[in-house]
Amino acid sequence: MIRRTLLASGVAAAALMAAGLPALAQDEPTKVGFVYVGPVGDGGWTFEHNQARLAVEEEFGDAVETVFVESVPEGPDAVRVLTDMALQGADLIFTTSFGYMDQTIEVASKFPDVKFEHATGFKTAPNVAAYNARFYEGRAVQGHIAGHVTESNIIGYIGSFPIPEVIQGINSAYLAAKAVNPDVEFKIVWAYTWFDPAKEAESANVLIEQGADVILQHTDSTAPQAAAQAAGNVYTFGQASDMAEYAPMPRVSSIIDNWAPYYIERTRAVIDGTWETQSVWQGIADGMVGIGEITDAVPAEVKVTAEAIRDGIVAGTMHPFTGPINKQDGSVWLAEGETADDETLLGMNFYVEGIEGDIPQ
Amino acid sequence: MDLSAINPILLLASLMVAATPILLAAIGELVVERAGVLNLGVEGMMITGAVSGFIVAVATGNPWIGFLGAAAGGAALSLVFGVLTQYLLSNQVATGLALTLFGLGLSALMGQGYLGIRAPAFPDVHVPLLADIPVIGPIVFQHDPMVYGGLLIVAGVYGFLHHSRAGLILRAVGENHDAAHALGYHVRRTRMLAIAFGGACAGLGGAYLSLVRVPQWTEGMTAGAGWIALAIVVFAGWKPWRLVLGAYLFGGVTVLQLNLQAAGAAVPVEYLSMSPYLATILVLVIMASGRSPGSLGRTFHAAR
C-alpha cells in the first residue's frame, strides 16, 4: 500500500518535472575522474594522460567536469581514492596504470552505476572496460634504429615492473635490433618503479658505465634522457611523451601515447548513454601510439627503413612478432611466417631467444 | 653472469654520489631531533629545496648560488613548521606530515615552466695531487664539491654537538627542555635555529638531486628520499658518523644492485631490489642503536 502510494507520487512528481528535466540534465555536468600513478609534470606517461584529460575538457566545455588525483600508489591505497571519487559523483573514472587493475574491479562492483576504464590491464566487468595501446609496435621502430646506431653493440633497457606490457617491449625491440645487427646484446635493469627520477638516472648511468650506448626506457620520467645527455654520445628514445626537449640528441625518436581521441569517445558514450564494456588494444594505425620525429642524429638511410617499418605496421603488412621466433629456452614459439596472437602477447611472460637473464617472477 | 662488466672504480665513485642527497637531508634532521623536535616534513623541504635551487641556478647560471637558494628555500619552509610547532604549539607529527604535502604541492607550482630545462653544469673538482693517485684518486677525489660539502657538514655537526658549548646546550634542550629552561637557556630559540638548519640541509639534499644527480627538475622527483633520510637518523641512533655509514651503505647497495642486474647476476631481482633497505637496517641495528633524545617530539610550554 505504502509502496503503491510512493510509486504514484513518484509518477506524479516525474510528470510534473518532465518539462524541467532536460534543462536539469544540462545543468548537471558529466563528471569524469582520472587516477594517475605519477605527478602530471612527469614529462612522460602521466603528462600524456593529463593532456588527454584537458582535451576532454576542451571538447565538451561546460558539459563535462573533470577531476584527477595524482601520484596514487598502485595497490590497496587506490581503493580509497577510487571509492572517494565515486562517492563524489564521478560518472566515469579512468584508472591509468596497470597496478590499479584489481582495485578498479573491486570498487566497480560496489558502484554499478559508475563506469570505469582501466588502462593496460586485461580484466573487465559489466561497468569496467579495458583499454591499452600496442606500445610494442613503436618498440620495433626503436629497436631497428638502436641496432643500427649502436657501436658497442650493447643496448641498455630500463624496465619498470616485469609485466607483459614491458616484456612485449623488450622482446619487440630486441627482435628488431637483432634483425639488423646480429651482434647486439641487451642489458636489462628492473627499477621496480614507474617514477623515481634519481633511480632512473642511476639505472641509465649504470648501463652506460657497463658499455651501453643506446638506452631504452620503460619508466616515466625524463631523467634517463638527462643522464644520457650528460654522458654524451648515448642515444635515447622518448617514452610515453615526445620528450622533444632532448632532441636531436640524445633523444632520436619516441613513442607518444595519444589517449585524447579515446577519452573523448568514451566520455561521449557516457553522456549519450551508449557506454558498454569492451576491451580495446589500439596501435599506430589507430593513432593511439605515435612515433615521434626521427632526428638527423640518425643516418638518413636508417631513418627511411625505420619509417618503412612504421608504415608497414600501419598498413598491416608487417607485424613485430613474425616467425620464426624461438623462446629463450630454445623452444619454438612462432613458426615461419606465423604472427603472434593477442592472447599470448597480453600474457607474455618469456624472453625470446638471444636475450640473457631471467624475468623476475 | 659477467661481473667483469662492473667497473669497481666507477661503482665506488657513483656510490658517493648516490648517498649524498640522503646524507645531507639526514644530517639536518639529526640536529633537529637532537634538539628534541621531530620534523616529519623532510620530504617536503627536500623537494622545495630541489625546485628553488633549480630555479635560482637557472636564473643565475651558477649552481653555487643555486645551492644557496635551495638552502634558503628549505629553511624558509622549515620555519613555517617552526612557528607552528614552537610558538603556536601545534602537534609536531601532524604538522610535519602536512609540511610534506604542502612542500610537494608548492614545489609543483613553483616548478611550472621549468620542466625540460637543463641545469647549469656543476663541474667536478679534482683535488690537487690526491686525484692523481691510482685507483683511490678517481674514487674519492674526483667528485663535485657537494659530495665533500656533505661530509664537511657531518664533521662540523659532530664537532658542534660534542665539542662546543652551544652543542651542549642544544643537546640539553633535546634531552630535557624543562631543565634547560630552568637553567635559563632559550628552548624555543635553540629549536628554531635547529629547525632552520635542518630545513637548509634538506634543501641542499633536494638541490643535489635536481642540479647534480638527475640533473633536471621533475615534479615529485625526491620520490621518498626524505623518508629514507628520516629512517636513517633513527637507525643511526642519532650519531653523526653512523649516519654517514647508513647513507653510504644505502646508496652503495642501491648502485651495486643495479650494477649486478645489468651484469646479469644470478640473484633474483626481487632480492636485489630489497637489498639496500635490508642491508642498511641490519647493519645499523646490529651496531645497537642509541637512545632517542629525551624530549623528542614533546611540546614545550614555558608556563608549565
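Q: How do you know what share of chain A is buried?
A: The test is a count of neighbours: a residue is buried if 20 or more other C-beta atoms lie within 10 Å of its own. In this predicted model, 50% of the 361 residues of chain A count as buried.

Q: What makes A:Arg268 count as buried, exposed or partly exposed?
A: Its neighbour count decides. A:Arg268 has 17 C-beta neighbours inside 10 Å. Buried needs 20 or more, and exposed needs 12 or fewer. A:Arg268 therefore counts as partly exposed. The residue is found in helix H10 (residues 260-272) of chain A.

Q: How do you know whether the radius of gyration of chain A agrees with a compact globule?
A: Set the value against the globule rule, 2.2 Å times the number of residues to the power 0.38. For 361 residues the rule gives a radius near 21 Å. Chain A has 23 Å, so the two agree. Along the principal axes, the C-alpha atoms of chain A fill a box of roughly 80 × 45 × 35 Å.

Q: What elements does chain A have, and how many?
A: Chain A has 12 helices and 14 strands. Of its contacts with a separation of 6 or more, 66% are between residues 24 or more positions apart.

Q: Which residues of chain A does the UniProt domain annotation cover?
A: The unreviewed UniProt entry places "domain: ABC transporter substrate-binding protein PnrA-like" on residues 30-301 of chain A. Over that range the chain is 39% helix and 23% strand. The end C-alpha atoms of the range are 50 Å apart.

Q: Why is chain B described with α elements?
A: Chain B has 12 helices and zero strands. From the N terminus on, its elements run α-α-α-α-α-α-α-α-α-α-α-α.

Q: How do you know whether chain B agrees with a compact globule?
A: With 304 residues, the rule puts the radius of gyration near 19 Å. Chain B has 20 Å, so it agrees. Its C-alpha atoms fill a box of roughly 65 × 45 × 40 Å along the principal axes. Of the 304 residues, 52% count as buried. Among contacts in chain B between residues at least 6 apart in sequence, 79% join residues at least 24 apart.

Q: How do you know whether the span of helix H12 of chain B agrees with its number of residues?
A: H12 (residues 269-286) of chain B has 18 residues.

Q: Where does H12(B) bend?
A: H12(B) bends by about 50 degrees at B:Ser275. A proline, B:Pro276, follows within four residues.

Q: Which residues of H12(B) are buried, and what covers them?
A: B:Val269, B:Leu272, B:Pro276, B:Thr280 and B:Leu284 are buried. The cover includes S7 of chain A, along with helix H10 (225-235) and helix H11 (240-263) of chain B. An α-helix has 3.6 residues a turn, so residues three or four places apart point the same way.

Notes:
Residues are numbered from 1 along each chain as its sequence is written. Chains are lettered from A and ligands numbered from 1 in the order in which they are written. This is a predicted model: local features need pLDDT of at least 70, side-chain atom pairs count only at pLDDT 80 or more; totals for chains, interfaces and linings use all residues. Helices (H or I, at least four residues) and strands (E, at least two) are DSSP runs, numbered from the N terminus. Two residues are in contact if their C-beta atoms, placed from the backbone, lie within 7 Å. UniProt positions are given in the numbering used here, feature names are shortened, and annotations may be inferred rather than shown by experiment. The expected span of a helix is 1.5 Å times one less than its number of residues. The bend at a residue is the angle between axes fitted to the seven residues ending there and the seven starting there.
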